[in-house]
Amino acid sequence: MRKIIYLLAGIIVISNVIWGSVFLTRNSSQAESIKDVQIYTLKGTGRLWEAADYKVIISPAKIMRGHGSLAYKGDPKEIENSTYYKIEIQELNPNGHYESVYVNEASSHGGPINILSNLNDIGSITGDYADNERLKDRHNYGSSVLTITWNDNDGELHSETINLNMAAEIILSED
């Protein structure tokens, strides 16, 4: 009976050592993959809108998206009394599907929202890593799309999707 107890205790100790080493190896390799700071700047153009200087900044602890600008290529008088806009940024996730990572929406009742001046900086969001965030790479961020939905002076709703392309990339390494 004692031999069985020693055998079972030995198996438990060995299995804990194996699982512990697997866990520590996996966590240290993930930490090493994000010890660099990566800065991506994206831009794109559509039929009526042009996006510039949209940034994705990846640090070891956080990720920031935003601070881009949108410029209207049409006649500004067409939207000077707009009362609604929505900006949505989607990135390609590691499974090959698009997912929303940033949304900014504004509306007004009884007056315009000054859409042209509000879109000089679309805002930003900074937060901890989401699920599968550490599996993303340059390709995922460089395949982002921006969709803007707005209404014109007559209240008619419009939407345009812009493919964002990599304009600049900076990698700051500890090495």
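Colleague: Which residues is Thr-41 in contact with, leaving aside its neighbours within four places in sequence?

Modeller: In this predicted model, Thr-41 is in contact with Asp-53, Tyr-54, Lys-55, Asn-165, Met-166, Ala-167 and Ala-168. Thr-41 itself lies in strand β1.

Colleague: Why is Thr-41 counted as buried?

Modeller: The relative accessibility of Thr-41 is 13%. Buried means under 20%, so Thr-41 counts as buried.

Colleague: What makes the pair of Trp-49 and Trp-150 edge-to-face?

Modeller: Two values decide the matter. The ring centres of Trp-49 and Trp-150 are 5.4 Å apart, and the limit for a pair is within 6.5 Å. The planes stand at 75°, and an angle over 60 degrees counts as edge-to-face. The pair is therefore edge-to-face. By this rule the count comes to four aromatic pairs.

Colleague: Which parts of the chain does the pair of Trp-49 and Trp-150 link?

Modeller: Trp-49 is in strand β2 (residues 49-58) and Trp-150 in strand β8 (residues 145-151), so the pair links distant parts of the chain, 101 residues apart. Both Trp-49 and Trp-150 are buried.

Colleague: What kind of aromatic pair do Tyr-72 and Trp-150 form?

Modeller: Tyr-72 and Trp-150 are edge-to-face, with 6.5 Å centre to centre and 75° between the planes. Tyr-72 lies in strand β4 (residues 69-72) and Trp-150 in strand β8, so this pair ties together parts that are 78 residues apart in sequence. Trp-49, Tyr-72 and Trp-150 form one aromatic cluster.

Colleague: How do you know whether Tyr-72 is buried or exposed?

Modeller: Buried means under 20% relative accessible area. Tyr-72 has 14% relative accessibility and therefore counts as buried. Trp-150, at 2%, counts as buried by the cut-off too.

Colleague: Which residues touch the most other members of the largest nonpolar core?

Modeller: They are Trp-49, Leu-70, Leu-119, Leu-146 and Trp-150, in a core of 28 residues. Strands β1 (37-45), β2, β4, β5 (84-92), β6 (98-107) and β8 each supply at least two residues of this core. Strand β2 gives the most, with five residues. In soluble globular proteins, nonpolar side chains tend to be buried together.

Colleague: What does Leu-70 touch, not counting residues up to four places away in sequence?

Modeller: Leu-70 touches Trp-49, Glu-50, Ala-51, Ile-87, Leu-119, Ile-122, Leu-146, Ile-148 and Ile-162.

Methods: Residues are numbered from 1 along each chain as its sequence is written. This is a predicted model: local features need pLDDT of at least 70, side-chain atom pairs count only at pLDDT 80 or more; totals for chains, interfaces and linings use all residues. Side-chain values use heavy atoms; hydrogens and water are left out. Rings of Phe, Tyr and Trp (its six-membered ring) pair if their centres lie within 6.5 Å; planes under 30 degrees apart count as stacked, over 60 as edge-to-face and the rest as tilted. Helices (H or I, at least four residues) and strands (E, at least two) are DSSP runs, numbered from the N terminus. Buried means under 20% relative accessible area, exposed over 50%, partly exposed in between (1.4 Å probe, protein chains only). A nonpolar core is a set of buried Ala, Val, Leu, Ile, Met, Phe, Trp, Tyr and Cys residues joined through side-chain atoms within 4.5 Å. Contact means heavy atoms within 4.5 Å.
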